[in-house]
Amino acid sequence: MNISQKEIESITTVKCAQPHGVLGMHPHQKGKKNCLIVRAYLDDAKSCEVVDVADESVRYELKRLTKDGLFEGVIADRSEFFKYRLRIERYNGEIRQFYDPYSFLPTLSEDDVYLFSEGNDHFVHRKMGAQVRTHDGVLGVSFAVWAPNAERVSVVGDFNHWDGRYHMMRSLGASGVWELFIPGLEPGMKYKYEIGARQGFPLLKTDPYGTAFEAPPYNASIICDVDRYEWKDADWIERRANTVWKDQPISVYEMHVGSWKAVVEDAARPLGYRELAHELVGYLKDMHYTHVEFMPLSEHPFDGSWGYQVTGFFAPTYRFGTPEDFMYLVDTLHQNGIGVIMDWVPAHFPTDSFALAQFDGTALYEHADPRQGFHQDWGTLIFNYGRNEVRGFLIATALAWCERYHIDGLRVDAVASMLYLDYSREEGQWIPNKYGGRENLEAIDFLRQTNDLVHKYYPGTLMIAEESTSFPGVTKPTAEDGLGFDIKWNMGWMHDTLEYFQKDPIYRKYEHHQLSFGMLYQYSENFTQVFSHDEVVHGKGSMLLKMPGEPISNKAHQLRLLYGLMWIWPGKKTLFMGSDFGQSAEWNYNKCLDWHLLQYPDHQGIQMVVRDLNKIYREIPGLAQGDNAAEGFEWINCTDAENSILTFLRKGSETTDDIAAVGNFTPVLREGFRVGVPHAGFWKEILNTDAKEYGGLGFGNNGGVQAEPVEWDGRPYSIKLDLPPQSMSLFRYQG
């Protein structure tokens, strides 16, 4: 026996941080002669031989040193290293031959480790985690994980009976990275990391960089090769890169995949990614949406979190299929001209013990101090954006979705909670930044860097902020000291408008300012108007039932008016599924939408209005071009509170793109109502939300009106209109 008792115990008691220094092939001296020594620690091996790959008839027997499978043998007649396999006979008589994991050099270079530690390897997801690769001519899987405070780390899985003794990883110096290449492993095998914490007990953790996971209540990572799919969306990617989205129509259908549609015949299960690809494309094209936004599809253990408590930041959820199935969904949408936006959650992560929380027995991805690291509202943990490795991890999650899955945009959740150290905290519950302020400087730097890198590597990709405060410069370029987002959700407009619409029309004249106030800040950011899932849950009522009065037809009138205002108002558009046909019930993540409602005229009419508004928005160039340009909007009259009527112009580069919008927000028919316009000629009525085909009463202006040389509203011409009750009417100038 040439190994010391201390070395034996370091292996058999799983205490070794450098197993490659003990196991594998090493130079050895027998007397004065240079030779080789090979050690292997093997599960369920009765005997073991070293087989020369160049000549398999050449074998060297290893002797068992311990009952649990530590073997050692001296190769006295050779001093030069050679490529070898281990040949074992198991106790059941099976013969196996395989490459020794401890015969390989690290799969990570010193530069890789250095860049990782700096947080500057933007594509670190190609190196960390489980990577199917050919290493030194041998096919297998390389594993790499960051656990700087661990005493040892092992890869465990169904290939080694989940026993941490048999695939211990090596520590790559002070980086905190542990690495091991295991030949012969294949996609589909399950694994975890067993981490020897300094507290004295091992932790079993899923892979932070994992690309696929088991279904709950299990949670093992699954080896997955995500580079095999053959994409067919090159034309879309090229077109996206050359598109200035600021000037283009963006109408987003926000959806929760699990509750969109169900297969009734199959226990009402939700559609899978591939089934969804064809069902969804048809619906989005029919409704003229430009993009779909998926609520988080990153892996998450709890359905009730709607995907916002992520444990697998690089993995599409198992619930609807494999990563390749998800690629097929995105590919199909792209081939049909539809962009894909994903909700991305870098603000926090859950406390589940199998995932990131206390990953190596210490606060690694999170802050140790709960005043910085614990989110009181959601019971989750806050990322430590000041750590290079954490920042690099999060940046890689954003880039990986763009690279691997061709995502066209990331909607960043809960940005406000990232920007402010005192978010939802009382005095004494938070720690100021180094200047004594409340801004989270590290999070701000992280957001700016992420936005810049996504735009650099994937031109045309949209970065969208859900930011509920008035933090300055959210959509300004980082070069101008902004955060660098492309679009910001217009939460202020949403709150004011809903508050107004929920009032009885009798009292709306006292709150008329809520309709016009949003224009004071409309061009301070690049906004999207939005009614999201958050507005139709937790007792808030559906969009339809928010509208006051009875019966349902009256509510439908008002919802059609609201959507008319939303679409003609400057800014991009985002609407949650079900809201576009007037779903009556609140959204339930556990139940599919009430599609049967479309048999009723009121619901069908709401859907038709949204369809036609999308079509108008996409076909009239001045609308999208004026979304973020103040010169594209002009009030006609925003002070007619007594009549609760709002009138304004949307102006295009051509006068024939000019649209006069007239909203009547009370259930009163206004006959002979005069509205000032800038041009003489015919103004065609291109939309009237009270039209009979929408389920309205059918009042209107017979397709359009001729402007008269009568000064009104400070303009030389005017049009005389019949304004249907609770309606939005749009008139396009014809010349």
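Me: How many helices and strands does the protein have?
Reply: This is a predicted model, in which local features need pLDDT of at least 70, side-chain atom pairs count only at pLDDT 80 or more, and totals for chains, interfaces and linings use all residues. Residues are numbered from 1 along each chain as its sequence is written, and side-chain values use heavy atoms, with hydrogens and water left out. Helices (H or I, at least four residues) and strands (E, at least two) are DSSP runs, numbered from the N terminus. By that definition the protein has 15 helices and 37 strands.

Me: What does the C-alpha trace span along its principal axes, and what percentage of the residues is buried?
Reply: Along the principal axes, the C-alpha trace spans about 115 × 60 × 40 Å. Buried means under 20% relative accessible area, exposed over 50%, and partly exposed in between (1.4 Å probe, protein chains only). Of the 735 residues in the protein, the buried share is 59%.

Me: Which residues touch the most other members of the largest nonpolar core?
Reply: A nonpolar core is a set of buried Ala, Val, Leu, Ile, Met, Phe, Trp, Tyr and Cys residues joined through side-chain atoms within 4.5 Å. In soluble globular proteins, nonpolar side chains tend to be buried together. The largest core here has 189 residues, and those touching the most other members are Phe143, Tyr253, Trp260, Phe294, Phe326, Tyr365 and Tyr563.

Me: Which residues is phenylalanine 143 in contact with, leaving aside its neighbours within four places in sequence?
Reply: Contact means heavy atoms within 4.5 Å. Phenylalanine 143 is also among the core residues that touch the most other members. With those neighbours left aside, its contacts are Gly129, Ala130, Val155, Met169, Trp178, Glu179, Leu180, Ile182, Leu185, Tyr191, Tyr193 and Ile223.

Me: How many disulfides are there, and what is the cysteine sulfur closest to that of cysteine 224?
Reply: A disulfide is a pair of cysteine sulfur atoms within 2.5 Å, and by this rule the count is zero. Cysteine 224 is buried, at 17% relative accessibility.

Me: How are the rings of tyrosine 385 and phenylalanine 446 arranged: stacked or edge-to-face?
Reply: Rings of Phe, Tyr and Trp (its six-membered ring) pair if their centres lie within 6.5 Å; planes under 30 degrees apart count as stacked, over 60 as edge-to-face and the rest as tilted. The structure holds 54 aromatic pairs. In this one the centres are 5.4 Å apart and the planes 25 degrees, so by the cut-offs the pair is stacked.

Me: How far apart in sequence are the parts that this pair ties together?
Reply: Tyrosine 385 is buried at 2% relative accessibility, and phenylalanine 446 is buried at 0%. Tyrosine 385 lies in the loop between strand E24 (380-381) and H7, while phenylalanine 446 lies in helix H9 (residues 441-457), so the pair ties together parts whose separation is 61 residues.

Me: What is the distance from the charged end of lysine 261 to the ring centre of tryptophan 595?
Reply: A charge sits over a ring if NZ of Lys or CZ of Arg is within 6 Å of the ring centre and within 35 degrees of the ring normal. Lysine 573 lies over the face of tyrosine 617, at 5.1 Å from the ring centre. For lysine 261 over tryptophan 595, the distance is 5.0 Å.

Me: Where does the cis peptide bond between glutamate 550 and proline 551 lie, and what is its omega?
Reply: Proline 551 is in the loop between helix H12 (543-546) and helix H13 (552-568). Another cis peptide bond joins proline 216 and proline 217, with omega about 10 degrees. For glutamate 550 to proline 551, omega is near -5 degrees.

Me: Is serine 644 buried or exposed, and what is its phi?
Reply: Serine 644 is in the loop between strand E30 (633-637) and strand E31 (645-650). Serine 644 is buried, with a relative accessible area of 1%. Its phi is positive although the residue is not glycine, near 55 degrees.
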